[in-house]
Amino acid sequence: MTRTPFMPEFDQLPGTLPIFPLPDAVVMPGSDLPLNIFEPRYLNMVADAMGSHRMFGMLQPDPSRADQPGAVFRTGCGGRITSYRETADGRIELVLTGLCRFSIREELPGIRGYRLVQPDWEPYRTDYDAAPAATVEHRDRLLYLLKNYFRHAHLETDWKTVVDIPPERLVNTLTTLLPLDGLEKQAILEAVSAQERVDTLITALEMQVHEAHGTPQH
């Protein structure tokens with residue numbers, strides 16, 4: 001992950017973290033997620049974050065526990081507010097830049113309407129690795145499927161730039177920005193190694209491309 005002077009060191013990541021549960025939305029390390037904040041409890045959350053470490057965690061609701069109101073997946077990603085704009089109608093438009101994934105160690109009593117957790121960053125310490133990622137397999141397959149996906153979704157991009165992006169950063173960016181199913185995004189988010197994330201994204205794109213072609217699955 002590319003580091004900036006504003007990023008905290010790994011051992012400076014907060015011991016308590018506000019969370020923003022949102023379906024079909026994840027942020028990955030090194031990627032940017034634009035957010036439009038308007039609910040009072042999350043306006044409070046952003047105000048408090050801006051006054052401290054500028055961080056909160058993105059988590060998805062867990063559909064397998066629909067009988068438990070407010071249930072979320074145990075793994076999310078902490079991000080730092082890197083762009084912030086207040087609007088005349090009382091909203092906040094911000095960009096959250098992913099820093100490090102975490103598992104929930106414990107949920108704490110909420111404050112000002114929003115939820116807090118004690119994050120366990122350690123399982124995803126490698127998100128802070130500055131060394132180049134190891135070479136991953138199936139990069140050509142990923143790019144082939146991605147071109148098919150973009151064509152059928154009528155999306156455009158600069159393919160020369162895409163080809164030059166390191167695979168780990170490419171997967172993280174695509175997971176954050178593509179309109180994939182929430183469970184597919186979660187599976188990629190929880191995959192520890194770069195190779196696992198590449199393979200999981202390939203599987204998700206294969207399903208999308210097959211469906212676009214009307215090809216039956218066996």
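This is a predicted model: local features need pLDDT of at least 70, side-chain atom pairs count only at pLDDT 80 or more; totals for chains, interfaces and linings use all residues.
A polar contact here is a pair of N or O atoms within 3.5 Å; within protein, one of them must be able to donate a hydrogen and the other to accept it, and residues adjacent in sequence count only if both atoms are side-chain atoms. Keep that in mind for the turn that we visit below. Residues are numbered from 1 along each chain as its sequence is written, and side-chain values use heavy atoms, with hydrogens and water left out.

Let us start with the whole protein. Its secondary structure comes to 6 helices and 6 strands, where helices (H or I, at least four residues) and strands (E, at least two) are DSSP runs numbered from the N terminus. Along the sequence these elements follow the pattern β-β-α-β-β-β-β-α-α-α-α-α. The C-alpha trace spans about 50 × 40 × 35 Å along its principal axes. The radius of gyration, taken over C-alpha atoms, can be set against a globule rule of 2.2 Å times the number of residues to the power 0.38. For 218 residues a compact globule would have a value near 17 Å, and the 18 Å of the protein agrees with this.

Two further totals describe the packing. Of the 218 residues, 43% count as buried; buried means under 20% relative accessible area, exposed means over 50%, and partly exposed lies in between (1.4 Å probe, protein chains only). Among contacts (heavy atoms within 4.5 Å) between residues at least 6 apart in sequence, 68% join residues at least 24 apart.

Now to the strands, which pair if DSSP finds at least two bridges between them. Strand E3 (residues 55-59) pairs with strand E4 (residues 75-86) in the antiparallel sense over 4 bridges, and Gly 57 has Gly 78 in E4 as its bridge partner. E4 in turn pairs with strand E5 (residues 92-111), again antiparallel, over 11 bridges. E5 then runs antiparallel to E6, joined by 6 bridges, with Leu 108 opposite Leu 116 in E6. Strand E1 (residues 17-21) also pairs with E6 in the antiparallel sense, over 3 bridges, and here Leu 17 stands opposite Val 117.

The hairpin of E5 and E6 has 2 residues between the strands, and Arg 112 takes a positive phi near 55°. In the hairpin of E4 and E5 there are 5 residues between the strands, and Gly 90 in the turn has a positive phi of about 90°. Thr 87 sits in this loop between E4 and E5 and is buried, with a relative accessible area of 13%. A polar atom of the Thr 87 side chain lies 2.9 Å from the backbone nitrogen of Arg 91.

Charged side chains gather around that turn as well. A salt bridge is a side-chain nitrogen of Lys or Arg within 4 Å of a carboxyl oxygen of Asp or Glu, and the count by this rule comes to 13. Arg 85, Asp 89, Arg 91 and Glu 93 are linked in a network of salt bridges.

What is the setting of the salt bridge between Glu 168 and Arg 197? Their N to O distance is 2.6 Å. Glu 168 lies in helix H4 (residues 167-177) and Arg 197 in helix H6 (residues 194-213), so the pair ties together parts that are 29 residues apart in sequence. Glu 168 counts as partly exposed at 25% relative accessibility, while Arg 197 is buried at 2%.

Glu 122 and Arg 125 meet in a salt bridge of 2.9 Å, N to O. Glu 122 is partly exposed, with a relative accessible area of 44%, and Arg 125 is partly exposed at 41%.
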